[in-house]
Amino acid sequence: MLTREELTKKAQDESDKADLKQHSDKLILGFENSNPSDAKRALWELIQNARDLSDKAIIEVKVEPGELSFTHHGKTFDSNTLLCLVKQVSSKTRKKKEQKADDDEVKEVGQYGTGFITTHSFGKRFLVDGTMELQEGEYVKLEAFEIDRIAKDSDELTNKLLRQQNSVFDLVGNGTIIPVALPTTFRYQGNLPVELKNAEIAVSEITEAFIPPVMALNRNIHSISVTDHLKTPVSFYSYKKLETDTETELTIIPVQKNASQPIEVFILWVDKDLDLKIVLPLSDVSTAKLFPDTMSRLFLYFPLIGTEQFGCNFIIHCGLFNPHEKRDGIWLSSDNPQNKEKEISNQAILEKASDAIFTFIEKRAEQIINPIHLAHISFPVLSENVLLNDYFKTLKSKWISKLSTYPLVESGDTRLMPQDTYFLDKELLLEDETSNLIYDLVAIFRKEIPSKHLFLDWTNIMIEWDY
């Protein structure tokens, strides 16, 4: 016979299991719906959470055989947020405060919500070190607090969630109290080959191409350092954001890697109410560059993985973008009435961003070195989504009609508009020797052609344009 106390405990556990079942079902579904792009997103999700927890986030990533660790020096756990982590539910921990429309450092992007599940691509078991705040000035030390989501089914996972929840309650009542908060570290225990590979993929995404624009678009991310023990010799690099002048229409934000010359990120403010900004493809104030093909072209504070082929050599950020649930793009055109309002909003944002880019090019085309890098237009118009194709065809047509009227083509000492320029057909350029002869022959009769060192690149751009 059970005692009344034991019966009470049994009833409480059964009630807790029923409540936790929905969370374990959601986790299992999330694991079933995981895809290869999760590894590319996962570290950004962790950085995003750290950003939400600090006014000046200091972030450290370390990968070694069997473990990927992520440390931040921001706000520590309390019992609620630790329980939210156990249950995998979103938690908004920061106190609301008065803010201007452009104060993006206090706009939370998300914490421990559905996006956080992508971090399980590094391993479904991870350990948490740090502290849990009990009350002001009192913290419970967390040492290898275990989050274990390795389970064959929802019932097994529910039991694990129950044990982890009870561990939080036990820490509140019996944990070792210390007077100061400690940095928070997540240590993912990757054992499967795919988990180890995902850690490598994730670290490879945190590169010089991505980190500077991310830091520029998130003013409260101060530094990001990465130590990669999988490489020989061990790779270490650290990015630190330097002080910037008061924001103007064109803001230059320097980001320093190790002790090298700072990388300048050029931000064009479009609309502060929308938090709409353009990261310009400039290496300095007067020289255009190409963003890598792997660079996302749309950002919602962080790269929207899957928008690498969006269609232009500019990065468009908006704090009011309506992304897909998996943050692999934004809603633009479909036959689903549920998404229509999001699609109309996103289209309006892109319209405004496009107009701002056109104005920038029109003002600067004559002065910018390598203006050809501003001319890339390759919106995806051949997907299986007919409605989306139609939308991109319209957008592409607008971009071409605008860019064809700007002096982007270098021809000797002059600049020509694409609409006034003759370009060579790709079939004439198959071999270097003959293509040079053909160019020299054409140049005798036509002066309105690109400079010789650019004619092949411009031919490829015209193929992109289908002009």
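At the start of helix α3 in this predicted model, a side-chain oxygen of Asp-78 comes within 3.0 Å of the backbone nitrogen of Asn-80. The helix spans residues 79–87 and is followed by Gln-88, which has a positive phi, near 60°.

**Helix α3**
- Thr-81, Leu-82, Leu-83, Cys-84, Leu-85 and Val-86 are the buried residues of α3.
- These buried residues pack against the strands β3, β4 (125–135), β5 (138–148) and β7 (184–189), and against helix α4 (154–174).

**Thr-76**
- Thr-76 is located in the loop that runs between β2 (67–72) and β3 (77–78).
- Thr-76 counts as buried because its relative accessibility is 11%, under the 20% cut-off.
- A polar atom of the Thr-76 side chain lies 2.5 Å from the backbone oxygen of Thr-131.
- Leaving aside residues up to four places away in sequence, Thr-76 touches Thr-131, Met-132, Glu-133, Tyr-139, Ala-181, Leu-182 and Thr-184.

**Largest pocket**
- The volume of the largest pocket is about 600 Å³.
- Its lining comprises 27 residues, of which Gly-30, Phe-31, Ser-34, Asp-38 and Ile-117 are the closest to the pocket centre.
- Two or more lining residues come from each of α1 (4–32), α2 (38–52) and α5 (193–205), and α1 gives the most, with five residues.
- By class, the lining of the largest pocket consists of 12 polar, eight nonpolar and seven charged residues.

Methods. Residues numbered from 1 in each chain as written. Predicted model: local features only at pLDDT ≥ 70, side-chain atom pairs only at ≥ 80, totals over all residues. Heavy atoms only, no water. Helix = DSSP H or I, 4+ residues; strand = E, 2+ residues; numbered from the N terminus. Buried < 20%, exposed > 50% of the residue type's maximum accessible area, 1.4 Å probe, protein only. Polar contact = N/O pair within 3.5 Å; in protein donor to acceptor, adjacent residues only side chain to side chain. Contact = heavy atoms within 4.5 Å. 1 Å grid on protein atoms, 1.4 Å probe; cavity = no way out; pocket = protein on both sides within 12 Å on 5 of 7 lines; lining within 4 Å. Points joined across faces, edges and corners; volume = space filled by probe spheres on them. Nonpolar A, V, L, I, M, F, W, Y, C, P; charged D, E, K, R; others polar.
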